[in-house]
Amino acid sequence: MRIFLRVGCFVFASAIAAQLWAKPAGEGIPTGKLPADAIPQHYALHLTVDPRLDRFSGEARIRIKLAKASDHVWLHAQQLDLGKTTVTGANGETHSAKTIAHADAGVLEVRFERTLPAQDIELAFEYTAPINGQLEGLYKVKVGADSYAVTQMEPISARHAFPGFDEPRFKTPFDITLTVPKQDVAVANTLQLREQASSDGKWKTLTFATTKPLPTYLVAFAVGPWDVVDAPPLPPNSVRKNPIPLRGIAPRGAGKRLAWVLGETPAVVKFYEDYTAQPYPFDKLDLLGAPDFSAGAMENAGLIIYRDALLLLDEHSPADRYRSVFNVNAHEIAHQWYGDLVTVPWWDDIWLNEAYATWAQRKATVALKPEFFGDLEALESRLYTMKNDSLLTARKVRQPILGHGDIETAFDGITYQKGASVLAMFETWVGEETFRKGMREYLAGHAFGSGDSDDLIKSLSQASGKGETFARSMRSFLDQPGIPLVHTELTCKDGKASLALSQSRYLPYGVLGEGEPRWSAPVCTRFGRAGKSDTQCFLLEQAEQRFAVDGSCPDWYLPNADAGGYYRFDMARADVAKLGTAVAHLSAPEQVVYADSLNSAFQRGDLGPAEILDAMPQLARSDMPQVATALFDAFEWIREHLADDTTRAVLDAYATELYEPHMKTLGYRRKDGDAPTTIALRTRIASFLALTVRDSKVRAELNKQGRAALGLDGSGKVDLSRADTDLLRGALDVAVQEGGTTAFDAAQKEFTLNHDTAQRYALLAALGSTRDPALAAKARDYGLTPAVQIGEMYNLYNAQMEQPENRAAMWQWLTDHYDAYRARLPAFAQGYMPKTFAEGRCSGSAADEMSAFFAPRTKDLVGSERGLGQTLEGIRQCSSLREHVGSKDLSRWIEARPATH
Ligand SMILES: [Zn+2]
């Protein structure tokens, strides 16, 4: 198993004494699950936190059921400097206990003076610990002169904040008390019961209500000069009798930007109450925007914490930010049932939490905000995840967890998007109401406890009436990695049609799989006849099967109706040609899976670049952004990996010819009444034309806006609202790329003064996107200074990697600055480090160079063995495909183009 060592120095008081104590016979240090014979029953935590200081202090009392006689207990603790530790038996006698820290495993051994019989005991710890600097456990953030302390416990960082049984299966009530500076605001999972001032008047002690049973990873609190905004309570309804207090919490001065999300929240909560038939499970709901945060948001029971850019909105916020805020809020609120009310017992089932919340979030968005087209957004996320699931090194949805690295990397697209897609596919198959019945039974049966995959499959199988067939089908998607590739061929004879289906694993060109994986997949197919269409579902369980098609011979068919299935398809040539003539009859999601079938055939080496390029016009005209841009990835691959300077110019002219008409219609400013889809289309196409194709006309328009925003148009005053809100990011990129040192310095200066997180991201990305070698070097170094917060660094480095001109220097810089870069990354982000630096690599030697650098460092980067393996596989696959396709097909396509282009 892999473990990670923290940088910096930390000392456990008892670390040296520890070596003198014998290990209990026959028992090693539990580096995975803790032994099952000590079960926590209740925690009382009293922490004293001043966010201005570097350390906090705590007292933790944990009531534990000893299931059998023992002279010791194992639990978790990390970086805690333990003082007095005592154990109190059922008879009320208190003795001191020894603590032995196993820092590498994050495990703490508490040894008693003698063997205690099975009984309830209480362990009491006194300790101090650093307020973490890497967004883990209880961590600190500075904004200007203000200091905040915020928690992020999931997955295994609660052990940085208090000693405990840091595994999701242990759910207990918590009593939390916080002593904080008098002028600060402090919040926790539950309502505050009392406040008491210290005798010197400098501190106050806040006592919070006992929580419902929670795992350690859902415990949360925050301290600082927060703005607290009271919203109207969530009113009672047919599912819930009591009103629920609702509040928004933001960094000082930002409270007014909570209005939009607070206004949207009651409908979201009610949506889930109606769906689940379970009342909102906790005593209040707080939404808190943290000024720096590792992930997007965290579903702590009753106190959801967000990266503030995903919570705070105003009239200057881009339209897509509103969509993200709604989606993320819907996701985290869904977790209050899926994850918080019912929790997974161990991390190998974490997909249950995340797939549910992702699936439920889409349902809520589709129902409450149809203008956001949540189904198309979910489909794009699914297709993005399919790239990862195409790798031989892909994880399973239900992946065994062998160590800390596996826990940290379990929160990926497979867990969220594939899991959610699988749920949606089976929902379509059995019907929405039947599926809801199974979901309700599962939640009701495990409320305030735990449930695993088998529990869910059991509830759904029973509700569906399909029993073992349902269970087998669902397991086939959870317990093996990869995407089914469904080969289809339609035969018509005497007016009757039959569809031959067979299956294999979808793998890109040059990748050979092992064995013959078999799925049990519901293949729902749309059949078109004389301008109308209907659907029929087939359960493909064997390697090959033939199914009778209802009705007469169809004119065309699409083997993934409503884009509902988690698989790809490969149609017989004649069938593809017929479908190609009917694309206009398909729904927008179906047009997107049609485009994906072309792209995936290209990646498999079955289609050439000419076929991709020729398919672009029929999609480019769509006014749905996801459809119009569905072949952008394939186009960019061809442009980057197959074209040379001459042929690239022809491709760029082709793209401009296809997409510039959109910009003529859309313009470069948001108009009153623009639908979210219109705005998204404008943003995507302007960015594609300006930054990928580098069209001079579009760049000139964006440059004008970017220069005005940075005060370089003669005004001398920075005012970011002078650029179109939705185009700001692209406008700043172009302005910095075109404007040299003056523009770079103006953007950097504004970054140091600006506290709007979303605008800071745009400014950082602009600094990263410069192509001037000296400025690019300056930007890279800047990303390691405290001016750039940890959670926003990626904006700078990803932007830098997007510019092919910067990649070689970026790599050289990484080899020189690896330690400093690594030291800033939270554990959960470390596994993705190889991927960040792999952009554009597409040769065996590029993979070898990466491997030589990272392989010796994987032991120091949590989760990077998997991250590196997948990155190298991706690079080598790109290289094989590039050699296979070559440049001839593209040259022929270009020669055949009319000369005027
Ligand atoms: Zn989630």
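L135 has a relative accessibility of 2% and so counts as buried, where buried means under 20% relative accessible area, exposed over 50%, and partly exposed in between (1.4 Å probe, protein chains only). L135 sits in the loop between strand 8 (119-130) and strand 9; helices (H or I, at least four residues) and strands (E, at least two) are DSSP runs, numbered from the N terminus. The phi of L135 is near 65°, a positive value in a residue other than glycine. The model is predicted: local features need pLDDT of at least 70, side-chain atom pairs count only at pLDDT 80 or more, and totals for chains, interfaces and linings use all residues. Residues are numbered from 1 along each chain as its sequence is written, and side-chain values use heavy atoms, with hydrogens and water left out.

D562 also has a positive phi, near 55°, and is a residue other than glycine. The loop between strand 28 (556-558) and strand 29 (568-571) holds D562. At 47% relative accessibility, D562 counts as partly exposed. The peptide bond from E154 to P155 is cis, with omega near -5°, and P155 lies in the loop between strand 10 and strand 11. Most residues other than glycine have a negative phi, and most peptide bonds are trans.

Strand 1 (residues 38-48) and strand 2 (residues 55-66) are paired antiparallel over 10 bridges; two strands pair if DSSP finds at least two bridges between them. These two strands form a hairpin with 6 residues between them. I39 has K65 in strand 2 as its bridge partner.

Strand 1 is also joined to strand 11 (residues 174-181), by 6 bridges, and here the strands run parallel. The bridge partner of L45 in strand 11 is I176.

An open sheet is formed by 5 strands in the order 16-17-18-20-19, with mixed pairing. Strand 16 (227-234) and strand 19 (297-298) are at the edges with a single partner strand each, so one side of each has no neighbour in the sheet. Strand 16 and strand 17 (residues 244-250) run antiparallel and are joined by 6 bridges. A231 has L246 in strand 17 as its bridge partner. Helix 3 (residues 319-335) lies across strand 18 (285-290), strand 19 and strand 20 (303-307), and runs at about 150° to strand 20. For such angles, axes are lines fitted to C-alpha atoms, for helices over the stretch in contact, and angles run from 0 to 180 degrees between N-to-C directions.

G255 is placed in the loop between strand 17 and helix 2 (259-276). With 6% relative accessibility, G255 counts as buried. Leaving aside residues up to four places away in sequence, G255 touches D227, V229 and A250; contact means heavy atoms within 4.5 Å. The C-alpha atoms of G255 and G289 are separated by 9.5 Å, and these residues are 34 places apart along the chain.

## The second largest pocket

The second largest pocket holds about 530 Å³ of space. A pocket is found on a 1 Å grid over the protein atoms alone, as an open set of points where a 1.4 Å probe fits, with protein on both sides within 12 Å along at least five of seven lines; lining residues have an atom within 4 Å of a point. Grid points are joined across faces, edges and corners, and a volume is the space filled by probe spheres set on the points.

The lining of this pocket has 30 residues, and V143, H755, D756, T757 and R760 lie nearest its centre. Strand 9 (137-143), strand 10 (146-152), helix 19 (728-753) and helix 20 (757-768) are the elements that give two or more residues to the lining. Helix 20 gives the largest share, 4 residues.

In helix 22 (residues 793-802), 7 of the 10 residues are buried, so the helix is largely enclosed by the rest of the structure. The buried residues are M793, N795, L796, Y797, A799, Q800 and M801. They pack against helix 19, helix 20, helix 21 (773-782), helix 23 (807-824) and helix 25 (833-836).

S473 belongs to helix 10 (residues 467-478) and, at 0% relative accessibility, counts as buried. Not counting residues up to four places away in sequence, S473 touches F426, W429, S520 and L539. G413 is in helix 7 (residues 413-430) and counts as partly exposed, at 27% relative accessibility.
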